[in-house]
Amino acid sequence: LEFQHGTTEGSLQPQECSPRCANRCSNTQYKKPCLFFCQKCCAKCLCVPPGTYGNKQVCPCYNNWKTKRGGPKCP
């Protein structure tokens with residue numbers, strides 16, 4: 001179950017968000033906004049999906065948080 005650590009809702013400590021988000025955002029050219037929103041989402045959900053994109057179904061909180069316009073808030 002160690003593999004699940006950090007990817008399922010509530011499994012992270014707040015201080016673990018930074019390295020998880022750095023990894024999550026490592027492939028984008030929009031690092032600053034990606035990191036900003038990832039940190040926000042991680043602080044709320046205490047999880048970051050694995051990989052650099054997609055896989056959001058493992059963390060419904062992260063997946064279902066929408067912007068005012070209805071788009072996905074979390075990268």
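With -85° about the S-S bond, the cysteine 25 to cysteine 34 link is left-handed. This is a predicted model, in which local features need pLDDT of at least 70, side-chain atom pairs count only at pLDDT 80 or more, and totals for chains, interfaces and linings use all residues. Residues are numbered from 1 along each chain as its sequence is written, and side-chain values use heavy atoms, with hydrogens and water left out.

**Disulfides**
- The count comes to six disulfides, a disulfide being a pair of cysteine sulfur atoms within 2.5 Å.
- Cysteine 25 and cysteine 34 are joined with S to S 2.0 Å.
- Cysteine 41 is joined to cysteine 74 at S to S 2.1 Å.
- Cysteine 41 lies in helix H2 and cysteine 74 in the segment after H3, so this pair ties together parts 33 residues apart in sequence.
- Cysteine 45 and cysteine 61 form a disulfide with sulfur atoms 2.1 Å apart, and -75° about the S-S bond makes the link left-handed.

**Helix H2**
- H2 covers residues 31-45; helices (H or I, at least four residues) are DSSP runs, numbered from the N terminus.
- Cys34, Cys38, Cys41, Cys42 and Cys45 of H2 are buried (buried means under 20% relative accessible area, exposed over 50%, partly exposed in between; 1.4 Å probe, protein chains only).
- The face of H2 turned away from its buried side carries the exposed residues Lys32 and Ala43.
- Helix H1 (17-24) and helix H3 (60-64) are included in what covers the buried residues of H2.

Definitions and conventions:
Helices (H or I, at least four residues) and strands (E, at least two) are DSSP runs, numbered from the N terminus. The expected span of a helix is 1.5 Å times one less than its number of residues. Contact means heavy atoms within 4.5 Å.
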